[in-house]
Amino acid sequence: MGWLGKILPRRTRFVGIDLGTAEVKMAEIEVGNRDPEVIALRRLTSPPGVEGEMEEDQVVEILKQLSPGVKEVISCLPPEKVVTRILRLPPMSDKEREEAVRPELERVIPAPREEMIIRSLWLEEKPSSQEGRRCLALAAPVSLVYLYHSLFARAGLTLGVLDLPAFALYRLFAQQIQRENVALVDVGARVTQVVITRGPEIVFLRSFSVGGDLFTRLAAEYLGVGLEEAEKAKLEVAATSPEPEEIFRSAVLELGREVKRCLDFCENQEGVKVGRIILSGGGAKLRFLPAFLESMLGVKTSIETPLLHFSFPYDPSFAIALGLALREVVK
Ligand SMILES: Nc1ncnc2c1ncn2[C@@H]1O[C@H](COP(=O)(O)OP(=O)(O)OP(=O)(O)O)[C@@H](O)[C@H]1O
Ligand SMILES: [Mg+2]
């Protein structure tokens, strides 16, 4: 913004909105003279089909209800709709990099190239190995990007930035993981997002389709009830059981196996051994999950509170919304 930025009043409030499959979550952060302070967290149940043919009018209504008086927001695309690849490239300009990642992505993207937006960015300051400098290449459907802009516009909101959930997670915990190798694992309803960092750099990201809903489906089958009733039963068990009930064993093992694949990949391919796992997302609130994963994977696992001022207890369901709201604050 240059000189204009110096004369315009500085923005002090930032809003992140995470359109999850289970819930739409909104986080508002205020930046004053001290560290960022969380001043509002709001959530509403998502209409069915946020993951596919969504009920657009209902989403617009929810966005309006969550953000009264707000003008601009930061949101993110669902991880499974964005193709990401981490590549190593020799030294080159940013423009050359944009060209270099295209063929790599076009081999794997599920649609014609004109239907996808392709972007790339460096993940490290300088090459960390002889094979080059690590860069993230990503491709997102143009139609989805337009849809997001139009949903927010219909709710009277400007979508300032459309980010990746992985970056939001990283940003939220960046301050407390500066000198370690950490896996950030956000367990949602349908999707789990994993981000692995080495000090201040992201070295790996992946999402897979195992989340809290799998536990609900298992409970529904076991009890012979509908999903709504099974969800209630699951939450009761989740709040009390220190160990996974037999019915949840296959789901928790599946989740653990997927996380292990990520850890193994990083250790074998990148030489990055993870020393700590930070869990977030609503699905991480199963009481037995941290201890179970810790003993299965042999890595310290917990739900950690981000280094922000909270005037109420931190709820890990809001991790991504909070990380989005920090977009303009944590560089
Ligand atoms: N207290 C709790 N104990 C156990 N599970 C919970 C609890 N609260 C929420 N969940 C589960 O967390 C999941 C929702 O988490 P979250 O809000 O992070 O998902 P989402 O962002 O809407 O979904 P996704 O990221 O997959 O699109 C649901 O499966 C829900 O059952
Ligand atoms: Mg989510």
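Modeller: Ala, Val, Leu, Ile, Met, Phe, Trp, Tyr, Cys and Pro count as nonpolar, Asp, Glu, Lys and Arg as charged, and the others, Gly among them, as polar. This is a predicted model, in which local features need pLDDT of at least 70, side-chain atom pairs count only at pLDDT 80 or more, and totals for chains, interfaces and linings use all residues. Residues are numbered from 1 along each chain as its sequence is written, while chains are lettered from A and ligands numbered from 1 in the order in which they are written.

Biologist: How do the residues of the shell around ligand 1 divide into nonpolar, polar and charged?

Modeller: By those classes, the shell holds 6 nonpolar, 10 polar and 5 charged residues.

Biologist: What makes a residue part of the surroundings of ligand 1, and how many are there?

Modeller: Its C-beta atom, placed from the backbone, must lie within 6 Å of the molecule; 21 residues surround ligand 1, the closest being G20, A22, G188, G212 and G282. Two or more residues of this shell come from each of helix 6 (212–223) and helix 7 (227–240), helices being DSSP runs of H or I with at least four residues, and strands runs of E with at least two, numbered from the N terminus.

Biologist: Why are strand 6 and strand 7 (residues 133–141) said to pair?

Modeller: Two strands pair if DSSP finds at least two bridges between them, and 7 bridges join these antiparallel strands, so they are paired. W122 has C135 in strand 7 as its bridge partner.
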